[in-house]
Amino acid sequence: MLAAIMAAEESGGGLAYPPIENLVEWPTWFGGELGDSLYGFNKIALISVLATLVTALLFFLAGRGRKMIPKGMQNFGEICVDFIDKQVVQQAIGHGGEKYIPFLISIFFFVFFGNITEVLPGFWMPANARMANPAFLGLLTLVFFVAVGLKHQGPKYFINVGFPPGVPKPLYILVTPIEYLSTFIVRPFSLAVRLFANMLAGHILLVTFGVLCIALFSASLLGAVLLLSFPMLVALTAFEVMVSFLQAYVFAILAAVYIGGALHPEH
Amino acid sequence: MSTLATVATFAQNTVELEAADFKNSQAATGAGLAYGLAAIGPGIGIGYLVGQSVQAMARQPEAAGMVRTTMFLGIAFTEALALIGFVVFILLKFA
């Protein structure tokens, strides 16, 4: 019986899963060679530009005409700064890390707005599900914490990184390469891959359930399953909103941890 | 009857597997295994981590903020392994 229904659905509506290129690659709108998606301006670039502009506009509006008693946008801006200060900087860097709030808040909001377009109608695509954005952010964090290390420890920073104190001398043969590898290569790589894979996985999950719901909607008997799969799609959308926020938070707090590690040599 | 025909066609197709098909099937199997195996360790790890964090928060509610931050850090590090498995899955399946 079930096999017959399945066969009927197969010939009639059917479930056609789109190839992965259709999920993440977007046509070039202008710029670059036609058909060459490497340098053209497409949806991902638009989302990145919008994320930058919205972040800048938000804090421009919040900081304009500051008053002792905040209201409107200033309230929102103060909540954001307070959140980054209390939940990220004080936890990961400690007292004295307040001057890194601007960098961390920019990172946080750029990542968050790049993520949240995953569930925004009209976009339906997280900009961070393409490797270019997370890779750039990872490299930016690497450059930033190395610069902080060089500023606070001088050129000795590169020695301090490879030679943590309290290790027996012969073990440095093992420890030093591992430390250099984990600090300068694994850190930006894992930052980028964590963000990228989370957003790509969420995007594919939403697409899978969306395609499934459309296929079930046009199905005859199996359509009863729609009662289960559509609430699941709604729940997953809510879950992805949470993931968007959490990934931005994790990115910011890891950047803060790396900056805090570069501030003072280990002892 | 139609089921028999389907089985017969399937058997015939199996015999006529070409090298490319074989490679694709191997890649698909490997992709499934890669993600499945990569999910085991981080699953256990995150479960243990969050369980212990909840216990710590319940025992000492005033330290909840600190524990929560550290918990998210730990989750981020542990989760990275599963995500690398997912990337390997994508690479095997689609690249």
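**Surface patch and ring pairs**

Reply: A:Leu57, A:Phe60, A:Leu61, A:Met73 and A:Phe76 make up a nonpolar patch on the surface, with about 450 Å² of accessible area together. Keep in mind that this is a predicted model.

Me: Which helices each supply at least two residues of the patch?

Reply: Those are α3 (43-63) and α4 (73-92) of chain A. The most comes from α3(A), with 3 residues.

Me: Where is A:Phe60, and is it buried or exposed?

Reply: A:Phe60 sits in helix α3 of chain A. Its relative accessible area is 52%, so A:Phe60 counts as exposed. The cut-off for exposed is over 50%.

Me: Switching to aromatics. How many aromatic pairs are there over all chains?

Reply: A search of the whole structure gives 20. Take A:Tyr100 and A:Phe144: their ring centres are 6.1 Å apart and the planes stand at 85°, so this pair is edge-to-face.

Me: What about the accessibility of A:Tyr100 and A:Phe144?

Reply: A:Tyr100 is buried, at 7% relative accessible area. A:Phe144 is partly exposed, at 25%.

Me: And how are the rings of A:Phe112 and A:Phe113 arranged?

Reply: Their centres lie 5.8 Å apart with the planes at 55°, so that pair is tilted. A:Phe112 and A:Phe113 are both buried.

Me: Which residues do ring pairs link into a cluster?

Reply: A:Phe59, A:Phe83, A:Phe108, A:Phe109, A:Phe112, A:Phe113, A:Phe245, A:Tyr249 and B:Phe72.

Me: Which residues lie over a ring face?

Reply: Among them, A:Lys43 lies over the face of A:Trp26, at 3.6 Å from the ring centre. A:Arg187 lies over the face of A:Phe145, at 5.3 Å from the ring centre.

Me: Now chain B. How many helices and strands?

Reply: It has 3 helices and 0 strands. The pattern along the sequence of chain B is α-α-α.

Definitions and conventions. Residues are numbered from 1 along each chain as its sequence is written. Chains are lettered from A and ligands numbered from 1 in the order in which they are written. This is a predicted model: local features need pLDDT of at least 70, side-chain atom pairs count only at pLDDT 80 or more; totals for chains, interfaces and linings use all residues. Side-chain values use heavy atoms; hydrogens and water are left out. Patches are made of residues with over 30% relative accessible area and no salt bridge: like charges are joined within 9 Å, nonpolar side chains (Val, Leu, Ile, Met, Phe, Trp, Tyr) within 5 Å. Accessible areas come from the Shrake-Rupley method with a 1.4 Å probe; for residues, only the protein chains shown count as cover. A salt bridge is a side-chain nitrogen of Lys or Arg within 4 Å of a carboxyl oxygen of Asp or Glu. Helices (H or I, at least four residues) and strands (E, at least two) are DSSP runs, numbered from the N terminus. Buried means under 20% relative accessible area, exposed over 50%, partly exposed in between (1.4 Å probe, protein chains only). Rings of Phe, Tyr and Trp (its six-membered ring) pair if their centres lie within 6.5 Å; planes under 30 degrees apart count as stacked, over 60 as edge-to-face and the rest as tilted. A charge sits over a ring if NZ of Lys or CZ of Arg is within 6 Å of the ring centre and within 35 degrees of the ring normal.
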